[in-house]
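Here's a quick briefing to read with the model open beside you. Have a look at the fold, then work through the points below.

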Amino acid sequence: NDMQKERVKMFIERIKEKYTTRDPIFTKEIMELFPEYSERHVYRLIKKAISDKELILFTRGIYAIPSETIFGTLIGTSTDDIAYKRYIKRDNDVFGIISGMMLLNIFHITTQMPAIWHIVTNNEATRSRKIVIDRRKFILHKSRVTINNENYAAYTVVQLFTDMDDNLVESGVITIDVLNFIFSTDISIVV
């Protein structure tokens, strides 16, 4: 029993070395952290960590490190964090972008906050589909070209103009945020 407690403690410590309370943690990532253990053993450690309140099951296959506050246990991660990590960027690897109304909001072209995010990603096989993560809806779109660290900024600008209403484009509405983004990411502009 003491040996099991020690393994769970080591298990949680290794997870906390790599992840914060803000990070969604996928089952695959936990498995990769513990190559010396069988998949079955890792699942037992996950189950024990959850029962010891060291780990929280956020939704199927996704975990979080809880944080204690005066209000009780809080989960620092959100469904938006999960979608971002699964479909847009993990570590330093970019493979998707936000699109639609949310992209227009990010660049201050609209003040509307969409209930459903649209995401263009390499991690989608179908042209377009709706997914739900913990009751929150997202619409995934298959990217036309492979999105990566080198081209995501240019793809974002192209997507921004694609998502803009024709009236906005014709009236010349372009915010300083769009220009700052273009110049800060070294997108080559050919005239």
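T59 has I62 in β3 as its bridge partner. The strands here, β2 (residues 56-59) and β3 (residues 62-64), pair in the antiparallel sense over 3 bridges (strands pair if DSSP finds at least two bridges between them). They make a hairpin with 2 residues between them, and G61 in the turn has a positive phi of about 80°.

This is a predicted model, so local features need pLDDT of at least 70 and side-chain atom pairs count only at pLDDT 80 or more, while totals for chains, interfaces and linings use all residues. Residues are numbered from 1 along each chain as its sequence is written, and side-chain values use heavy atoms, with hydrogens and water left out.

**Overall picture**
- The protein chain has 8 helices and 11 strands, taken as DSSP runs numbered from the N terminus (helices H or I, at least four residues; strands E, at least two).
- Of the 191 residues in the protein chain, 39% are buried (under 20% relative accessible area; exposed is over 50%, partly exposed in between, with a 1.4 Å probe and protein chains only).
- Among contacts with a separation of 6 or more, 51% are between residues 24 or more positions apart (contact means heavy atoms within 4.5 Å).

**Cores**
- The largest nonpolar core has 24 residues, and I119 and F138 have the most contacts inside it (a core is a set of buried Ala, Val, Leu, Ile, Met, Phe, Trp, Tyr and Cys residues joined through side-chain atoms within 4.5 Å).
- At least two residues of this core come from each of α4 (79-87), α5 (100-106), β9 (117-121), β10 (128-133), β11 (136-142) and α6.
- A second, separate core of 17 residues includes V8, I30, L33 and V42.
- Beyond its neighbours within four places in sequence, I119 is in contact with residues including A83, Y87, I97, F138 and L140.

**Helix α6**
- α6 (residues 152-163) has 12 residues and spans 16 Å from first C-alpha to last, close to the 16 Å expected at 1.5 Å a residue (1.5 Å times one less than the number of residues).
- Its buried residues are A153, Y155, T156, V157, Q159 and L160.

**Aromatic pairs**
- The whole structure holds 3 aromatic pairs (Phe, Tyr or Trp rings, with the six-membered ring for Trp, whose centres lie within 6.5 Å; planes under 30 degrees apart are stacked, over 60 edge-to-face, the rest tilted).
- F34 and Y37 are stacked, 6.1 Å centre to centre with 20° between the planes.
- F34 is buried at 1% relative accessible area, whereas Y37 is partly exposed at 23%.
- Ring pairs link F11, F34 and Y37 into a cluster.
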